[in-house]
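Please read it alongside the sequence and the model.

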Amino acid sequence: MCGIVGYIGKKNAFPILIKGLQQLEYRGYDSAGVAIISDDNNLNIYKTKGKVSNLRDSCATKYTDGVVGIAHTRWATHGEPSERNAHPHASMSGDIALVHNGIIENYMLLKEQLIAKGYEFKSCTDTEVLVQLIDYYYQKNGHVLVKAVCRALNDVIGAYAIVVLEKSNPGHLVAARKSSPLVVGIGENNADYYFASDASPIVEYTKRVVYLDDGQIANISPGKEPEIINLNEKSIEVDIKEVDIDISKLSKDGFEHFMLKEIYDQPICMNDCMRGRLFVDDNNIANNHIVLSALNNFKDRLLRAKHIIIVACGTSWHAGLIGKMLIEKMCRIRVEVEYASEFRYSNPVIEKDDVIIAISQSGETADTLAAIQLAKEHGALVFGIVNGVGSSIARESDTGIYIHVGPEIGVASTKAFTGQVTVLLLLALALGHETGALSEQEYIETIDELSRIPAKMQEVLKQDNKIKRLSERFTFAGNFLYLGRGFNYPVAMEGALKLKEISYIHAEGYPAAEMKHGPIALVDAEMPIVFLATHHKLYEKVISNMQEVKSRNGKILAIVSESDELIKSIADEVIEIPHTIDALVPLLSVIPLQLLAYHVAVAKGLNVDMPRNLAKSVTVE
Ligand code: F6R
């Protein structure tokens, strides 16, 4: 979703802004723009529909010099993707320009009020309303930008991250946030400052950052310490943090797409995720154990919980479904899994002893953030399972566990899913062991097997060429059905989501036994059906479902346990995965589905890393 970059200092801003926008491209966008104050105090704004490279190329013949500027990639919410609606937006007076992520919910009312005061609008955006509103207070109250921003934001209902510049005073930038992330990077000796929606465009220049909190406004001038105030114009202590992002993880590393690299990264990511948490003694399995500081610090509170609610969206919600099965199986605690977007408006029953587990790759998903804020109002403990270090959900949670899989750039989530499932496994094992609901034997044996999963993932990845070959057969399909049972049921839904997102083929994930209650009507010779049919206690029942499909000429692609001769004789195609225990199967069975979606999309010539209409970080509801 929209990306913000800003720079103020001594260097030429334009290349920094363009590079920063390119580093945020993964978030998804449809137009881009930049505003720079030139040395002779002209405000130059350039925008284009489409890619950041279009913007860069179209600026080649334009004047772009200047040491202060703001830039933006826009993911359309109000008004079509176009140059007119792209950011930055300037006020009617031309004195102020801003970039904005989020949604101003009361923009219609504010717009009417501003029109009544003589303001005219060029775009359909809510953002232009905000810049005019700031301009109104700026003209009215003695041209003090930070005060004008503060006044305007007090009138606003909605979500925002903004960076604002003032043509007549290029010595500072003003930034603010509510429910949409914004990071300020501090250059050496405060000589220059960088602004961005996440730290990835900043880390190349500095590791010292301030993550703005909701309701904070930063007034930033090079050569001075950062100043932060709240919406009541009171000073706030500045909390400077060190970011630790491995820049090499931001490159494709020779892979054709980020998504493929991230699929292949999964064995390493799992090791990163378990490091310092999972301890395996090869000489004596009885010494196997898990250490989770998040659990130790809140042990009483977590052990007291009679009810856990998992909130998440999309792929993270699928990981949540697996989490429910794991926690209920290993800890015997009741767990519900809710779409965060529904939970927040459903007047949910939340007791103060409840634990809310929020799962989010980005840590910035607006609905998940709102759901945990609601849970906190009810006194529940919020436990975050997050990838984005320092992200809003991580900071808003009482405690939690980072999945530590590194930045995920491909829009379709892959390594974050296996990271989330791994952390949920660690949590369920540790909690179940602590409560005594899980036997010692199951605890140590599951830990042992978990430590072998990265190597087994490598085995699954060796089937990539085979999956690529057979995916070419499936590009014709208009619909897919994915079926699984038990732990493989959420995996079926995840496989279907991956295919939809990047290949634009309609797909449904279903519990296999539900097929005959409806979806079987769709089955014909044109309909590929992906069965997750690994060995587990319902294996025979899945085979019966397969026979039902076969007798209706459906095309079966089955994900099976190694050396399954029976299914080979029934299915049209099989992909084998190594044997493992039931609870760990999703970590392996999801990989062929990720690869299948990837290769189908590539075979169709689609943009795998940035599929149409999708955003990586969904910071609006
Ligand atoms: C799917 C996908 C989305 C996200 C969802 C939640 O591939 O990426 O469905 O899982 O938008 O995002 P996070 O996990 O960042 O809260």
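**Aromatic cluster and its surroundings**

Y7, Y194 and Y205 together make up one aromatic cluster. The model is predicted.

- L17 is part of helix α1, which spans residues 13-23.
- L17 has 0% relative accessibility and therefore counts as buried, the limit for that class being under 20% relative accessible area.
- Between L17 and Y194 the sequence separation is 177 residues, while their C-alpha atoms are 9.3 Å apart in space.

**Ring pairs**

- The number of aromatic pairs is 7.
- F474 and F480 form an edge-to-face pair, because their ring planes meet at 65° and the class requires an angle over 60 degrees; the ring centres are 5.7 Å apart.
- F474 is buried, at a relative accessible area of 3%.
- F480 is likewise buried, with a value of 1%.

**Charges over rings**

- R473 is placed over the face of F474, 5.8 Å from the ring centre; F474 is thus described both by this arrangement and by the pairing with F480.
- The charged end of K117 is positioned over the ring of Y136, at 4.7 Å from the centre of that ring.

Technical notes:
Residues numbered from 1 in each chain as written. Predicted model: local features only at pLDDT ≥ 70, side-chain atom pairs only at ≥ 80, totals over all residues. Heavy atoms only, no water. Helix = DSSP H or I, 4+ residues; strand = E, 2+ residues; numbered from the N terminus. Buried < 20%, exposed > 50% of the residue type's maximum accessible area, 1.4 Å probe, protein only. Phe/Tyr/Trp six-rings, centres within 6.5 Å; stacked < 30°, edge-to-face > 60°. Lys NZ or Arg CZ within 6 Å of the ring centre and 35° of its normal.
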